[in-house]
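User: Walk me through this structure feature by feature. Give me the general idea each time, then the case at hand.

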Amino acid sequence: MANRYAVATGNWSNTATWDGGTLPGSGDTVRPNGFTVTIDQDVTVSAISFKASSPAVAGGKVLVSGSRIINADLDVYAHTSVEIPVLASLVVNGNVVNTVSAYGGSNQGIYVNGGDVVVNGSMTAGNGNDNICMKLSTGTATVNGTVSGGTSDSYCIYQSGGTLTINGDVLCPGTGGGGGHAVYGASNAATLIWTGGHTARGNGVSRRAFEIGGGVCDLEGIFATPLSGLSTPYTWFTESVRVNVSSTGKARLGGVSEIGGIGIVSMPGVSINSAVGFVQEFRSDANWPTSVYNQIPKYLYDRPNTDE
């Protein structure tokens, strides 16, 4: 078990790319060391880290070529750490973390730029400004594990296009405020799918599990009360999931919403204070008293309005 690092830009399979002139082994932690390493074969190592560890410096890039498998945890860092371009596909059998505590400016760890990626593990965001575990521009991404936001203005997954499928809990457990969310979708070109009875929970301080700003979304699961509970009177800052789909988008929501679990801003045919025509798409067993029910006009609900 050793720290290994690249000494030149080149293919992973080329021994000249690596210190010591040998390929990294299954127990090694590998660092690109500021160079671009092209994944031209399946890889099994302990971890791939983009952080500095003397003599290796921080940064560098892993570029995926063809259809590849990485059996390793990924500790992503600055700007684009792992790029998956058109015609490339990648399966990551490991966890992905962005543990940068402070970094400004589009720190996208995995950049899906026309290719396809499957992550069989959890994804956890960093804590600094604009720290992103994965950015999906075009192509497809599937995460089979828990997606967690950081504790500051960061996103675990930023989706500006393509199709994103999440099979796991989506959480934003941090205690800080700011605009960061676990999953942020802000484009009419994006499709988001989250089903399977998992839990979405925000922290209740303007940090949500999902912040949906356009496109097509299909969300079905448990929309949980934020960690800090529901404010009184209700404000939009508290909800765990927020949906704002333009007239050109589509949305389907299903499952169970606890108090403060989900809110809407706009949706085709749905105003900010009316969910008529959309309620049929949503099934809720939340047992809200009238006093709370009247405070949350943005929520979708299908229960009778009864006092308790």
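Analyst: Start with burial. A residue is buried when its relative accessible area is under 20%, exposed when over 50%, and partly exposed in between. By that rule, both Arg 4 and Asp 28 are buried. Keep in mind that this is a predicted model.

User: How do I read salt bridges, and how many salt bridges are there by this rule?

Analyst: Look for a side-chain nitrogen of Lys or Arg within 4 Å of a carboxyl oxygen of Asp or Glu. The count here comes to 4 salt bridges. One of them joins the side chains of Asp 19 and Arg 4, at 3.0 Å from N to O. Asp 19 sits in the loop between β2 (10–11) and β3 (29–31), and Arg 4 in strand β1 (residues 3–5), so this contact ties together parts 15 residues apart in sequence.

User: Are Asp 19 and Arg 4 buried or exposed?

Analyst: Asp 19 has 16% relative accessibility, so Asp 19 counts as buried. Arg 4 is at 9%, and it also counts as buried.

User: Which residue meets Arg 4 in the salt bridge at 3.9 Å?

Analyst: Asp 28. The side chains of Arg 4 and Asp 28 meet at 3.9 Å, N to O. Arg 4 lies in strand β1 and Asp 28 in the loop between β2 and β3, so the pair ties together parts that are 24 residues apart in sequence.

User: Now take Lys 61. Which residue does its side chain meet in a salt bridge?

Analyst: Glu 83, at 3.0 Å from N to O. The pair links distant parts of the chain: Lys 61 is in strand β6 (residues 61–64) and Glu 83 is in strand β8 (residues 82–85), 22 residues apart. Lys 61 is partly exposed, with a relative accessible area of 24%. Glu 83 is buried, at 14%.

User: On to aromatic rings. How many aromatic pairs does a search of the whole structure find?

Analyst: The idea is to check the distance between ring centres, then the angle between planes. Planes over 60 degrees apart count as edge-to-face. The search of the whole structure finds 6 aromatic pairs. Among them is Trp 12 with Trp 18: edge-to-face, 4.8 Å centre to centre, with 65 degrees between the planes. Trp 12 is buried, with a relative accessible area of 2%. Trp 18 is also at 2% and counts as buried.

User: And what is the geometry of Trp 194 and Phe 223?

Analyst: This aromatic pair is edge-to-face: 5.7 Å between centres and 70 degrees between planes. Trp 194 lies in strand β19 (residues 190–194) and Phe 223 in strand β22 (residues 216–223), so the pair ties together parts 29 residues apart in sequence. Trp 194 counts as buried, at 0% relative accessibility. Phe 223 is buried too, with a relative accessible area of 0%.

User: Which residues form one aromatic cluster?

Analyst: Tyr 155, Tyr 158 and Tyr 184 form one cluster.

User: Last, strand pairing. In which sense do β5 and β7 run?

Analyst: Read the direction and the bridges. Strand β5 (residues 43–49) and strand β7 (residues 67–75) run parallel, joined by 5 bridges. Ala 47 stands opposite Asp 73 in β7.

User: How many bridges pair β7 with β9, and β7 with β10?

Analyst: β7 pairs with strand β9 (residues 89–92) in the parallel sense over 4 bridges. There, the bridge partner of Ile 69 is Val 91 in β9. β7 and strand β10 (residues 96–97) also pair in the parallel sense, over 2 bridges. Asp 75 has Val 97 in β10 as its bridge partner.

Note on methods
Residues numbered from 1 in each chain as written. Predicted model: local features only at pLDDT ≥ 70, side-chain atom pairs only at ≥ 80, totals over all residues. Heavy atoms only, no water. Phe/Tyr/Trp six-rings, centres within 6.5 Å; stacked < 30°, edge-to-face > 60°. Buried < 20%, exposed > 50% of the residue type's maximum accessible area, 1.4 Å probe, protein only. Pairing = 2+ DSSP bridges.
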